[in-house]
Amino acid sequence: MMKKIYPDAAAALDGLLFDGMHLCVGGFGLCGIPERLIDAIQKDGASGLTIASNNAGIDNEGLGKLLRSRQVKKMIASYVGENKEFERQFLSGELEVEFCPQGTLAERCRAGGAGIPGFYTKTGVGTQVAEGKEHKDFNGETFILEHGIFADVCLIKGWKADKAGNLIFRKTARNFNAPMATAGKICVAEVEEIVEVGELDPDSIHLPGIYVKRLINGAPYDKKIEFRMTRERADA
């Protein structure tokens with residue numbers, strides 16, 4: 001069995017990072033983001049990055065760290081979200097942004113991982129999303145051509161994995177991690193726990209280990225909350 005388990009994020013990314021590379025990064029907001037791997041990229045200093053991810057986290061968390069350090073050249077994302085630095089760089093023309101509907105983004109990554117160069121979808125027809133894209137009619141309805149996404153490296157976050165790289169996601173943290181895991185030449189995953197081969201129920205595995213080339217245990221993690229909303233305690 002090829003070596004899959006690495007001692008830390010820096011070791012797992014050793015030899016993979018270079019200026020101008022294309023990354024697919026799983027997560028949604030701060031849920032299911034590969035934060036240890038993102039931190040390692042920030043420390044490495046690789047720049048001119050093109051990153052496909054649902055959004056860029058928040059200021060100074062998740063991909064927001066790479067925006068703050070000016071390592072990102074282009075974001076392929078479904079929305080700016082709550083990241084003020086993302087918004088500022090986009091509006092000032094400092095950052096190239098390709099907006100993509102969430103479902104289309106997930107399918108573009110799935111398509112890339114399946115070797116499908118492009119597909120037609122109705123999503124975005126008649127909007128700015130469709131500008132400059134090929135249009136085609138099927139059964140009297142108009143569709144636009146979207147291209148599959150295939151990156152140099154994809155970074156994902158899981159819950160549990162065995163030593164062969166078979167991986168389980170936890171609830172909503174599954175989000176974009178599953179399709180993005182297949183959409184790169186090399187998939188690097190971080191998880192909260194690594195167990196022996198055979199300890200995971202085969203029917204519970206979300207991502208077969210054949211896709212995971214490098215793996216780290218990133219625990220312990222702090223639960224970060226995008227919005228903390230509180231109210232005064234009601235009198236008894």
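Contact here means heavy atoms within 4.5 Å. As ground rules, this is a predicted model in which local features need pLDDT of at least 70 and side-chain atom pairs count only at pLDDT 80 or more, while totals for chains, interfaces and linings use all residues. Residues are numbered from 1 along each chain as its sequence is written, and side-chain values use heavy atoms, with hydrogens and water left out.

Now the overall build. The protein chain has six helices and 13 strands. These are DSSP runs, numbered from the N terminus: H or I over at least four residues for helices, E over at least two for strands. The radius of gyration is 19 Å, close to the 18 Å that the globule rule gives for 236 residues, so the chain is as compact as a globular protein of that length. That radius is taken over C-alpha atoms, and the rule is 2.2 Å times the number of residues to the power 0.38. Along its principal axes, the C-alpha trace spans about 55 × 55 × 45 Å. Of the 236 residues, 47% count as buried. Buried means under 20% relative accessible area, exposed means over 50%, and partly exposed is in between, with a 1.4 Å probe and protein chains only.

Ile186 is partly exposed, at 23% relative accessible area. Leaving aside neighbours within four places in sequence, Ile186 touches Leu16, Asp152, Val153, Cys154 and Lys213. Val153 is 33 residues away along the chain, yet the two C-alpha atoms are separated by 4.9 Å.

Cys24 is in none; its nearest cysteine sulfur, that of Cys109, is 4.2 Å away. That is too far for a bond. Cys24 is buried, at 0% relative accessible area. Cys109 is buried too, also at 0%.

On a 1 Å grid over the protein atoms alone, a cavity is a set of points where a 1.4 Å probe fits but cannot get out; a pocket is an open set with protein on both sides within 12 Å along at least five of seven lines; lining residues have an atom within 4 Å of a point. Points join across faces, edges and corners, and volume is the space filled by probe spheres set on them.

The largest pocket has a volume of about 380 Å³. It has 18 lining residues, and Gly32, Lys157, Ala173, Glu192 and Lys223 lie nearest its centre. By class, that lining has seven nonpolar, three polar and eight charged residues. Asp, Glu, Lys and Arg count as charged; Ala, Val, Leu, Ile, Met, Phe, Trp, Tyr, Cys and Pro as nonpolar; the others, Gly among them, as polar.

The second largest pocket holds about 250 Å³. Of its 16 lining residues, Asp8, Ala9, Ala10, Leu13 and Ala40 are closest to the centre. Helix H2 gives the largest share of this lining, five residues.

Last, the closed space. There is one cavity of 30 Å³ or more. The largest cavity has a volume of about 40 Å³. Its lining has four nonpolar, six polar and no charged residues, including Phe28, Ser53 and Leu63.

Terms used:
Disulfide = S-S within 2.5 Å.
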